[in-house]
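Subject: The structure you asked about

Hello,

Here is the structure for you to look through. Open it alongside this email, and follow the notes below as you go.

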Amino acid sequence: MTSFYFTDGKNMLCISLSTTLSSSPFVLISTQKTTPQGFQTNEYADAQLQEIVRKMRERATVYKEKLKDPVLSSPEGSPTAYEKKEEKKEEAEAKPEEDHYCDMLCCKFKKTPLKKYMTYLQLPDSIDSYTDRRYVAWLMLVTVAYNWNCWFIPLRFVFPYQTSSNTIYWVAIDIICDICYLCDLLVFQPRVQFLKGGDIISDKVEMKKFYHSSMKFRLDVISVLPFEVLSIFFGFNPAFRANRMLKHNTFFEFNDRLEAILDKAYIYRVIRTTGYLLFILHINACLYYWASDYEGLGSTRWVYDGQGNMYLRCYYWAVRTLITIGGLPEPQTLFEIVFQLLNFFLGVFVFSSLIGQMRDVIGAATAGQNYYRSCMDNTVSYMNTYSIPKVVQNRVRTWYEYTWDSQGMLDESELLEQMPTKMQLAIAIDVNFAIVNKVDLFKGCDTQMIYDMLLRLKSIVYLPGDFVCKKGEIGREMYIIKQGEVQVLGGPDGTKVLVTLRAGAVFGEISLLAAGGGNRRTANVVAHGFANLFILDKKTLNEILVHYPDSEKLLMKKAKVLLKEKGKPAPGPPVQQPRGLAGLFGQKQETPKLFKAMLGGKGKAGLAKLLQLKRERDIQENEAETEKPEQEEKKPKPEEKKLPEPAASSAPPAQKEEPNADTKPKPPAVMHRGTTNESLIISMSPSPTAGEGEILKVEAKEKKRK
């Protein structure tokens, strides 16, 4: 027992903390009047003690609830509470940083702080080349500089576009491109993470050492060597910058990273393949002008004559040559013939390769569409073979078209099966967790159990007017509306709309755990339009709950509570079949109400009651009408007790009855012990008085002796 004392100057508070064997702390608080003289209080200590008292009380309450019902509390917290707590924490941390306002003239507007800009622009110590978008943006800038060099170095070397008057502009752009190359070489590439034995290496020294030992580093160094200093001796020539075209690794790396983050990467692949073709035609045009200049402009019919726009005319010739359209002037000299032959061979090889690549790109982009068309055509062919009605065929076609348009595939599970289980779970959590988390039935369950359930959800599309479930059928699935609406029908004719359920609603969850007839559907549920639903069947849930017994107990308790709240559904027309050997026999018929009222007991007690009725009948016949009131008093009141299954209202076979010694009839003078050889006949006849119903007659006859 530990006691704490603190005072506010007027009252003294005594706190006693005790811990029992079950680790359940209890707090005893008592207040005592005291005089303020001689006491000094500490506000900080008082606040701390009050906080301790509050926490101990909360803990004691939790332990008491666990001792009362240990199943209702799960060892793991609900995922919803955890996520909300994390979100609130992030919001609380981010809120003070957002309150930055700037006053200008009479206007007041919110302004993002400079520190936030600097934090975002600050270069990290290590760069993840697969996920960092800033690194992709930097690669795009380097790729632009690389393309500038690839396209314009040949152009400036061959065509007389660079003159002494505009050299300053060409040199300025060249310097900017060189700065990009140097920054990539010295700043960015040494910070890129790499894999070694399956581990991600992010150490500065290791990353720099890895980059310096790679072939990419050697090519990058060669690409920035300043061969332009030779212009001092030989004059300015763009050919001295040809080494800038060796930085091709960055160009291909940018293509790979960009395709990985684009939603429709095939569009970029088509653009890139088209760019390859245009660049090859550009190089061919430069070569044609160089050959024409070597032979002499306008010296023969085959060379460029120097008229018009020199680049466009040379490009036109390159297109007609590589695509082998024909209609070009015949080469005259040996040089022209060799040059033309090389162009033809190069054109056939390059053009066929690019066409094949373009076909692969477009084929990969339309592979899903082709698969969808193939499945639909095969299904239509099957329906035509077996003469399926046109109405059914139209519904099948509608299902195919809507399913493909809504989700871009026919079966989502086929795509996810190729991934590891962890990847499937990550995608399932992002897609389905928010929906499943709304189901009250699963709140408080084991988090891992919910994750396993997410992997088993199946998506299905219902057409307008389709019955999702019907009244009276056995419920084996729970439905979660992903998209669309469903209507619950009821009323006398079953066509009245009771309620409309929209996206995010759940129905049928009680059928997963209900037993004893409670798993029958209580209403018809129809798809109002196109409805996309998630389905979780009972068999799958049982397979999951085998590994989570605590969650199973919790779900069973919640199911009982929900059944009480919503009302147990009435059993449908089909009767539950008995299990075991009892199923081999027919169902036992219910005892008629007449016999229940007549026979006042079960077994021998009921037979004794019959004998009593027989003897009363004999007394009535012997005493005549004067004893009628006495006979009515002796008649027993009917009791609702069952007799072993008798036949219909026909007379039963003769029986020998030995009254039990324990049987105590009401009138002891009438009941006599012994045996009898009389048979008992029971019959019904209408009463002569209107409104009195029927009269029960019991006759005893002696058996005929042989």
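Start with Glu253. Leaving out residues up to four places away in sequence, Glu253 touches Ser129, Tyr135, Leu139, Gln189 and Lys216. This is a predicted model, so please read everything here as computed from it. Glu253 sits in helix 9, which runs over residues 248–261. Is Glu253 buried or exposed? Its relative accessible area is 12%. Buried means under 20%, so Glu253 counts as buried.

Now the chain as a whole. It has 706 residues, and 33% of them are buried. Its secondary structure comes to 22 helices and 17 strands. Take the contacts between residues at least 6 apart in sequence: 65% of them join residues at least 24 apart.

Next, the record. The unreviewed UniProt entry carries the annotation "transmembrane region" for residues 135–155, 167–188, 217–236, 266–290 and 334–355. I looked at two of these stretches in the model. Residues 135–155 are 100% helix and 0% strand, with end C-alpha atoms 30 Å apart. Residues 334–355 are also 100% helix and 0% strand, and there the end C-alpha atoms are 31 Å apart.

Gln332 is found in the loop between helix 11 (310–322) and helix 12 (334–365). What does the side chain of Gln332 reach? It reaches the backbone oxygen of Glu330, at 3.1 Å. Gln332 is also in contact with Thr300 and Ile337, leaving aside neighbours within four places in sequence. Val303 is 29 residues from Gln332 along the chain, and their C-alpha atoms are separated by 9.6 Å.

Now the nonpolar cores. In soluble globular proteins, nonpolar side chains tend to be buried together. How many residues does the largest nonpolar core hold? It holds 27, and Val436, Phe442, Met453 and Leu536 touch the most other members.

- helix 16 (421–436) and helix 17 (447–456)
- strand 10 (477–483) and strand 15 (531–537)
- helix 18 (538–545) and helix 19 (549–566)

Another core lies apart from it, with 19 residues, among them Leu155, Tyr304, Tyr311 and Trp317.

Look at Leu536 next. Neighbours within four places in sequence aside, its contacts include Phe442, Met453, Leu512 and Leu541. Arg456, Leu457, Arg476, Glu477 and Met478 are also in contact with Leu536.

Strand 15 deserves a look too. Seven of its seven residues are buried. In a regular strand, side chains alternate between the two faces of the sheet. Which residues of strand 15 are on each side? Ala531, Leu533, Ile535 and Asp537 are on one side, and Asn532, Phe534 and Leu536 are on the other. Both faces are covered.

Strand 15 also has partners. Strands of a sheet pair through backbone hydrogen bonds, either parallel or antiparallel. Strand 8 (residues 458–462) pairs with strand 15 in the antiparallel sense, over five bridges. Here Tyr462 stands opposite Ala531. Strand 10 pairs with strand 15 in the antiparallel sense as well, over six bridges. In this pair Ile480 stands opposite Phe534.

Put together, four strands form an open sheet with antiparallel pairing, in the order 8-15-10-13. Why is one side of strand 8 and of strand 13 (506–507) left without a neighbour in the sheet? Strand 8 and strand 13 stand at the edges, and each has a single partner strand, so one side of each has no neighbour there.

On to helix 18. Asp537 caps its N-terminal end. A side-chain oxygen of Asp537 lies 3.3 Å from the backbone nitrogen of Lys539. Within helix 18, Thr540, Leu541, Ile544 and Leu545 are buried. Seen down the helix axis, the buried residues fall within an arc of 130°, so they line one face of helix 18.

Last, Tyr402. Tyr402 lies in helix 14 (residues 390–407). Its relative accessibility is 18%, so it counts as buried. Tyr402 touches Val461, Gln483 and Phe530, not counting residues up to four places away in sequence. Tyr402 and Phe530 are 128 residues apart in sequence, but 8.1 Å apart in space, C-alpha to C-alpha.

Best wishes

Key: Residues numbered from 1 in each chain as written. Predicted model: local features only at pLDDT ≥ 70, side-chain atom pairs only at ≥ 80, totals over all residues. Heavy atoms only, no water. Helix = DSSP H or I, 4+ residues; strand = E, 2+ residues; numbered from the N terminus. Buried < 20%, exposed > 50% of the residue type's maximum accessible area, 1.4 Å probe, protein only. Contact = heavy atoms within 4.5 Å. Core = buried A, V, L, I, M, F, W, Y, C linked by side-chain atoms within 4.5 Å. UniProt positions renumbered as here; feature names shortened; annotations may be inferred. Polar contact = N/O pair within 3.5 Å; in protein donor to acceptor, adjacent residues only side chain to side chain. Arc of directions from axis to C-beta. Pairing = 2+ DSSP bridges.
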